[in-house]
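Subject: Structure for you to look at

Hello,

I am handing over the structure we talked about.

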Amino acid sequence: MQKKTLANYIDGTWQKSAASEYQDVVNPATGDVMAEVPLSPPEEVDRVAQVAAAAADSWRRVPATERVQHLFRLKTLLDENIDELARAITNENGKTFAEARGEMVRAIENVEVACGIPTLMQGTVSEDIAAGIDEMMIRQPVGVAAIIAPFNFPGMIPFWFLPYAVATGNTVIVKPSERCPMTMHLAFELLEAAGFPPGVVNLVNGGPDCVNAILDHPAIDAVSFVGSTPVARHIYARASASGKRVQAQGGAKNPVVVLPDADLDMTTRIVNDSAFGNAGQRCLAAALAITVGEARDTFTEAIAEAAARRVVGYGLDDGVTMGPVITPQSKARIESLIQTGLDEGARAVLDGRNSPVAGYERGNFLRPTILGDVPPGSTIARTEIFGPVLGLMHAETVDDAIALVNSGEYGNMACLFTSSGAAARKFRYEVKAGNIGINIGVAAPMAFFPFSGWKASFFGVLHGQSHHAVEFYTQTKVVVERWPKEWSRKF
Ligand code: NAD
């Protein structure tokens, strides 16, 4: 396979990076090197920031109704090219083609929602706040917005932000994950075809140095980040220190609670998908299943059987239902965490280590792993594993289960499986997490709801997607007006 050298997209043109360092982009299933991505230096970030800042003034003057025409065109282009985008995702990230396609559907939904900007960014007016005086609140773009993305949804996550940022009149710089940069390269070919004026949408590839240059740059006004919690904390602190508004979505350790009155077949099917879909590399993956009462035995048996049936392999091959994890380092880390769990007293219900896939010996494959009797407070109970590993814990009552859920550091998602409305209401009311599922295993908010992580899963105030994104990318301006009657000319 020929190795492609990826470029940056700056000021409406594809430009070879000035980088002296490049990183290989490797297919995690086959081990093939598909491309090399530039690790753009701070000078290149400076150039792209200047370009985006220069384009911002004219872009905000384009009427919102015209700005969204580019998004309507983009939506059609994304629809027409969805299979190609999905193949790119599978090849660089490892998830199955069906999962990759589903990811792009979610991306496109955000474009659709942002097409409503002429209404979504409307302000408010109060007449006669005092006699003859009116007051209005209008929304104006913040200027230049940067989007820094993780590897696990290379097609979707930049679209939690980009459509809203440009629709509200900002210019944008996207910095994809250096591990999975090829999908955004393709998406930017479509953004180019959608006809955005030069400088409105820009792509800069790189690693931590490139990110830090973004965080410090005075011409960049807003930073949207999604990634691991340690990096999210760093982004939030450093970008705020340079006066930017920041939203930083972090990692997760999502618990699902299974009550004895849950529908066992449905629960098993849904938790199996949540824990092992995308090889567990979803920030909304079920990482811990907490059974209550007699659900312990029935659920443990059922989930072990269902997980063992997953077909692991290259995501473009027919019949494959789980792909590899992203890198050999990630695989080694997951294997070592499984061992730590066993050393800490957990029981191997299903051990997915040491299971290569025939024909793909260079792939980073693990099979689903289930650890039973995970001790509360242990490393495996607290640590985000980000791989196909489900820990099982047990609680005697719903209250105990909710206390276990709330004892975690993260607050991205928590789910409950039950047929009791009262238990569901209690869970929804008391659980300290931002995305709640009731008989749902991946409580991913639709594009018209905010992606509401809490605690160590989110730093900031306004989340990605929907009206939160509109508020994040606009600043409010309040105008108080008086027009004395006597100044009116008689017509
Ligand atoms: P990551 O934090 O390693 O990387 C994310 C981005 O940060 C990348 O663009 C990377 O280049 C940059 N980066 C990495 N280290 C940096 C550093 N030291 N300084 C500056 N920038 C740095 O995350 P990842 O491994 O790509 O993605 C997986 C993580 O993302 C998981 O923790 C997962 O839970 C989380 N995630 C969260 C959400 C959410 O909505 N909360 C969604 C998807 C993924």
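A polar backbone atom of glycine 227 is 3.2 Å from an oxygen atom of the ligand. Keep in mind that this is a predicted model. In lysine 175, an N or O atom of the side chain is 2.8 Å from a ligand oxygen. Glutamine 249 has a polar side-chain atom 2.8 Å from an oxygen atom of the ligand.

How much of the ligand's accessible area does the protein cover? On its own the ligand has 840 Å², and the protein covers 88% of that. The ligand takes up the space of the largest pocket.

Now the shell. It holds 30 residues, and the closest are Ala149, Glu178, Ser228, Gly250 and Glu384. By class, 16 are nonpolar, 10 are polar and 4 are charged.

Which elements give two or more residues to this shell? They are α8 (208-216), β11 (222-226) and α9 (229-241). Of these, α8 gives the most, with 3 residues.

Domain 1 (4-250 + 457-479) and domain 2 (254-438) each supply at least three residues to the shell around the ligand.

Best wishes

Notes: Residues numbered from 1 in each chain as written. Predicted model: local features only at pLDDT ≥ 70, side-chain atom pairs only at ≥ 80, totals over all residues. Heavy atoms only, no water. Near = heavy atom within 4 Å. Polar contact = N/O pair within 3.5 Å; in protein donor to acceptor, adjacent residues only side chain to side chain. Areas by Shrake-Rupley, 256 points an atom, 1.4 Å probe, with all protein chains shown as cover. 1 Å grid on protein atoms, 1.4 Å probe; cavity = no way out; pocket = protein on both sides within 12 Å on 5 of 7 lines; lining within 4 Å. Sits in = over half its atoms within 2 Å of the grid points. Helix = DSSP H or I, 4+ residues; strand = E, 2+ residues; numbered from the N terminus. Nonpolar A, V, L, I, M, F, W, Y, C, P; charged D, E, K, R; others polar. Domains from an automatic or database assignment.
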